[in-house]
Amino acid sequence: MRHIISVVIENETGALSRVSGLFSQRGFNIESLTVAQTNDPSLSRMTIVSTGNDRVLEQIVKQLNKLIEVVKVSDLTSRDHIERDLMLVKICPTKKDNFDLKQLVDVFSCKVVDVTDKTYTIEISGKTKKLNAFLDAFDPASILEVSRTGVTGISRGKKLI
Amino acid sequence: MKLNGAEILINCLQKEGVKHIFGYPGGATLHIYDALEAQEEIIHVLVRHEQGAAHAADGYARTNGKPGVVLVTSGPGITNAVTGIATANMDSIPMVVISGQVPSPLIGNDAFQEVDAVGITRSCVKHNFLIKDISEVAITVKKAFHIATTGRPGPVVIDIPKDVTINQMEMEEYPETLKMRSYKPTTKASNRQIKKAAELIANSQRPILYSGGGSVIGNASKELRELTRLLGCPITQTLMGLGAYPGTDELSIGMLGMHGTYEANMAMHDSDCVVAIGARFDDRITGNLEKFCPSAKFIHIDIDPSQISKNVIADIPIVGQTKQVLQALIEELKDAKIADISKWWSQINTWRRVDSLAYKKKSGVIKPQTVIETLYEVTKGEAIVTSDVGQHQMWAAQYYLFNEPRRWINSGGLGTMGFGLPAAMGAKIAMPDRDVVCVTGEGSIQMMLQELSTMLQYNTPVKIVNLNNRYLGMVRQWQEFFYEKRYAMSYMDALPDFVKLAESYGHLGILVENEADLKPALVEALKQKDRTVFVDIVTDPSENVFPMIPAGGAHCDMLLAGRDEMVSKDETDFNAV
């Protein structure tokens, strides 16, 4: 099962390698990992997407908590939450793409952020599935380059991490 | 007054009450050594190899419960120490390792003797630090000792670039207390869980206490004895836990696991309530997890939440210090009505009568078991015994009945050959008035021989009991059982003359080839209070460690001595290690 795990960790050098090292050392898998400073500059927040059964997830959460610099860990998927992935995609439509790009951009509520005589760069955010669906709309040959941030998330309502 | 970083570091170590440092100097630590030389409070023990320093500090910590301190230089200094650090990490031993680092501006430059110490040690420490500025020295030392000694203890590495040790600043007050928002180990267990556990224990028909290293490290021996006697139930101990409960006591049914006693493993298999106390259901204990304790409910007491339900799902998990949890359980059970378990005991006593540690003596050869039994007799069971890893380690664990905690010092988790000799040196430094014996084999001892030199320099008279069977015995045993006697690389040819070797290091060497000479030799060795004595004992090369659960087997599938036909190849999982 897919889980989104939020980790608040001291913003120290090496914090990321402690977390990624833990995952590789114990054979846990990482689908994506994002990290950035929070509103408190002394803290970083990571969002890790991983897969595993309940026992694996329990171990992931416990092992993360065991890292000395980790302040808080929570499994976002266990509660109501919002998740977003951001993607920048550079495309050069081929003849097979017989749709109006403007219309497609409207359907996916994304925007064109850069245009050249041969390419369009589009910014799109949303759940992972939506981003995948957007890519599926194109002929694979027309997609030149994709850059995604990986999932980040937050719980709904008043509840904090 | 302005002090340099090295002086501040030494000052902080003094404030932490450090009395001994095990180390080896080098370019990056010269300032630290300069500061060490200028004081008298801390004694530095100059080892002959950094791995020896880490093992010695580890043996020191295991013996007196205080954190061991190691000081090594950058590059090869810290990489040599890694095996010792990993050993301490696996067995939850408090240790602070200070490693020199190349000057900050050179970090990342492939400088002379540079390695990424923090990166290399990350996966085998409890935590590590790279100090970037002299202002961080004091607080980092404070944090390191706090982390190493609280919660589930473990090694902490502090990497200090040379420029940090040279720079100067005003010495600030050493912080007395410490608050870390990200590190708050649980200490007090939940009352509700304690009540639930007490109820389950009191109503069980076939309870068993399974106590591990956490009872030793957590100083819970007194409480463990009280609880066991209150319940009158059987107790089995892991390799790491031996001595927390007296091995000679009637309620003790011996060690469990791969080379545990028949009664301990059968009792685990048939129990309806297993109380794990500071033990982690390691694969050497459980054997095949699917067949492990099929009818038991599990109460699991551990300071480290990540150990609970890792291998075996706990019915009643209790996170807390073994000492406090056991105290609370005693309180709860003191006036409780406890189920009559006399039937359980009569069952256990039938298993006991199998006498699984019995062995046959052969004329003309010395049985290794006899050596340990004689050692036990000669030392009255009161020595501190360290061991290396292999058959001799198992025999020492089986035949030397430890009645007190912190007397049995061995590398259980990592299984590090070479541990025994430096650990014995550390133990002797921690407890100079006690007899310290290193039970070893001719394979293991050769991994850390150089420390014989340190032992002369610092006058740490240890008795080395070398079970010399000319084989890497445990490897040979597995090859005999599981690889159709193809003895690949398990034979030790061209062994040194250990007597001459010991003598060349300034110690006394005694060779024992006949059983008649065994006891007099051990008596003589122990009489030599001021000298390290190397007793090289030629033992039966074909002897195997029994009983044994083959890897992947269940507790009820044991091989007993002289009953080899119980080995069933089909049931042995060759993938298991």
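**Note on the two-chain model**

1. Helix α4(B) bends by about 40 degrees at V82(B). The bend at a residue is the angle between axes fitted to the seven residues ending there and the seven starting there. Helices (H or I, at least four residues) and strands (E, at least two) are DSSP runs, numbered from the N terminus.

2. On provenance and numbering: this is a predicted model, in which local features need pLDDT of at least 70 and side-chain atom pairs count only at pLDDT 80 or more, while totals for chains, interfaces and linings use all residues. Residues are numbered from 1 along each chain as its sequence is written, and chains are lettered from A and ligands numbered from 1 in the order in which they are written.

3. The length of α4(B) agrees with expectation: its 15 residues (76-90) should span 21 Å at 1.5 Å a residue, and the end C-alpha atoms are 22 Å apart. The expected span is 1.5 Å times one less than the number of residues. After the helix comes S92(B), with a positive phi near 55 degrees.

4. Because 12 of its 15 residues are buried, α4(B) is largely enclosed by the rest of the structure. A residue is buried if 20 or more other C-beta atoms lie within 10 Å of its own, exposed if 12 or fewer, and partly exposed in between, with C-beta atoms placed from the backbone. The buried residues include V82(B), where the helix bends, as well as G77(B), G84(B) and N89(B). Their packing partners in chain B are α3 (50-64), β4 (68-72), β5 (95-101), α5 (117-121) and β7 (155-161).

5. The largest nonpolar core has 189 residues, and V70(B) and V535(B) have the most contacts inside it. Such a core is a set of buried Ala, Val, Leu, Ile, Met, Phe, Trp, Tyr and Cys residues joined through C-beta atoms within 7 Å. Leaving aside neighbours within four places in sequence, V70(B) is in contact (C-beta atoms, placed from the backbone, within 7 Å) with residues including F22(B), A57(B), A81(B) and V97(B). A second, separate core of 6 residues includes V89(A), I91(A), I122(A) and L131(A).

6. Some backbone values deserve a look. Most residues other than glycine have a negative phi, and most peptide bonds are trans. F281(B) has a positive phi near 50 degrees and sits in the loop between β12 (273-277) and α12 (283-286) of chain B. With 24 C-beta neighbours inside 10 Å, F281(B) is buried. K380(B), with phi near 55 degrees, lies in the loop between α15 (368-378) and β15 (384-387) of chain B; K380(B) is exposed, having 8 other C-beta atoms within 10 Å. The peptide bond from F546(B) to P547(B) is cis, with omega near -5 degrees, and P547(B) is in the segment after β20 (533-538) of chain B.

7. Chain A has 4 helices and 9 strands, in the order β-α-β-β-α-β-β-α-β-β-α-β-β from the N terminus. Of its 161 residues, 21% are buried. Among contacts in chain A between residues at least 6 apart in sequence, 72% join residues at least 24 apart.

8. At the interface, 15 residues of chain A are in contact with 12 residues of chain B. On the chain A side, α1 (15-25), α2 (54-66) and β4 (70-75) each give two or more residues, and α2(A) gives the most, with 5. The residues on that side divide into 3 nonpolar, 6 polar and 6 charged. Here Ala, Val, Leu, Ile, Met, Phe, Trp, Tyr, Cys and Pro count as nonpolar, Asp, Glu, Lys and Arg as charged, and the others, Gly among them, as polar.

Technical notes. Contact = placed C-beta atoms within 7 Å.
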